[in-house]
Structure formats: structure tokens, C-alpha cells
Amino acid sequence: MSSLSNRLGVAAVIAFVGGPLLAHLQVLAALRGFVLFALGGLLGLITLIVGLIGLVRSGFAAVRSGVLTGLVLTAVFVLSAARGRNVPRINDITTDTADPPKFVRAPSLDANKGRDMSYPGESFAQQQRQGYPTLAGLRMPGSPDDVFKRVETVAQQHENWELTRVDPSVRALEGVATTRLFRFQDDFVVEVRPQDGGSVVQMRSKSRDGKGDVGANAARIEGLFAELK
């Protein structure tokens, strides 16, 4: 049990650390790196279980390394997974579910070829309303043209955002946001529309990988709106 626990612990650490590292260095695709990370978390749990069994049979000293490794990895993995516990399992978030901003440039990017970039519709809208009941467009004073200039300035300051389309004629911009650790890439579009003598900023953010986003797209929208405020 001691030998098995230690070997499992080593494998768990390699997967747990190697997944994010290889994804960040772009040796592995982001999703594959995340799968390897999740495998490390699972192996950590197995290591903990095997170590606890060994503890009963052989005492703590014999399996100390495996138990501690399994405990730490399991705790970190559970805390990481808990981030997405209370958010809907959807990956396309918009501030206007009735008239969501449309991707114009994104469908022509190589990574999106063959993907349906249209908004999924009422099924996503209903889940979004339940999960993010306060998410809505940002009303701002000033003309749409002036507000769009502010939006463009703020968007250009994000080091992990690459703008792929800026169209002042329709006051819309698009870009690709890259997450810091796993290097996941999400497409986003922002439109500034006239409303009640002022302006309203509408945004949509869509993940390229996975069925859920653990709240990343909504956080991106809320972050931009906070900066604009």
C-alpha cells in the first residue's frame, strides 16, 4: 500500500501540475491540458483513499507521503471545481438575450471555421436569467460614438485581449480573450447602441471549448463594465 500510494502520488502531481503548465506553454491544447489537470485531481483522490487504507494497515509513517499528497491535491481540485458549482452550464453569455450582439469577424477565424456562432436561443437565455439575474446592458451618458471610443480605449488596454474587428460606423468591436493559465480562447463582441438620449453597451462572450465556462464569460462582461464605469 505504501509503494502504491507513493507511485499514485507522483503520477497525480505530474498530471496536476503538468496539465496547466503544458497548456500555458502551448505544448498542449487548452482543453487537453485541462483534462490532464482533472486527471491529476482524480488520481490525487485515489492516492488519498489508498493512503488511508495503508494507514489503517501499516501506520501513518509508512504512507505519510501518499496521504499528504492526496490530501493537498484533492483539496485544491475540489476548491477549483467549486468555482463553477452555482453557475449555469452554458458557454455563451450576452447582456441582451432578445437581440444579442452578432459575430461578424469571428466566424471567419481559422479556429472557428465550421462552428455555429449564432446565439443558441431561449434554452441558453432561460438558464442565463436564472444564473445571472442582474446581468444586463450598461447604460452610459453620452452619444453612442463617444461611448464607443471609450469602449475601444478600454478594450485595447487588456493585454490578454486581441481585437479582431473595430467598426466605428456601426459602433461594434470583436476580439479574442485568452485566459492566463490554461490559455483558453473565448470570442467576444461589444456593441454600443443608442437608448433614451444616451447609450447602452451590450456585450456577448462565447467560449470555444467545453459546454460550460465556470462563470468566465459573465465575469469578463462584468469586468469590462466595471472599467467603463
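Okay, a definition to start: two strands pair if DSSP finds at least two bridges between them, and helices (H or I, at least four residues) and strands (E, at least two) are DSSP runs, numbered from the N terminus.

Now, what we have here is a predicted model, so to speak of local features we need pLDDT of at least 70, side-chain atom pairs count only at pLDDT 80 or more, and totals for chains, interfaces and linings use all residues. Numbering runs from 1 along each chain as its sequence is written, and side-chain values use heavy atoms, with hydrogens and water left out.

Let's go to the hairpins. Strand 5 and strand 6 run antiparallel, joined by 10 bridges, and Phe188 sits opposite Ser205 of strand 6. Their hairpin has 2 residues between the strands, and Asp196 takes a positive phi near 50°. On to strand 4: 7 bridges join it to strand 5, again antiparallel, with Leu173 partnered by Val190 in strand 5. That hairpin has 6 residues between the strands, and there Arg183 has a positive phi near 65°.

Buried means under 20% relative accessible area, exposed over 50%, partly exposed in between (1.4 Å probe, protein chains only).

Last, the core. A nonpolar core is a set of buried Ala, Val, Leu, Ile, Met, Phe, Trp, Tyr and Cys residues joined through side-chain atoms within 4.5 Å. The largest one has 27 residues, and Val190 and Leu228 are among those with the most contacts inside it. Another core, of 11 residues, lies apart from that one and includes Phe37 and Val50.
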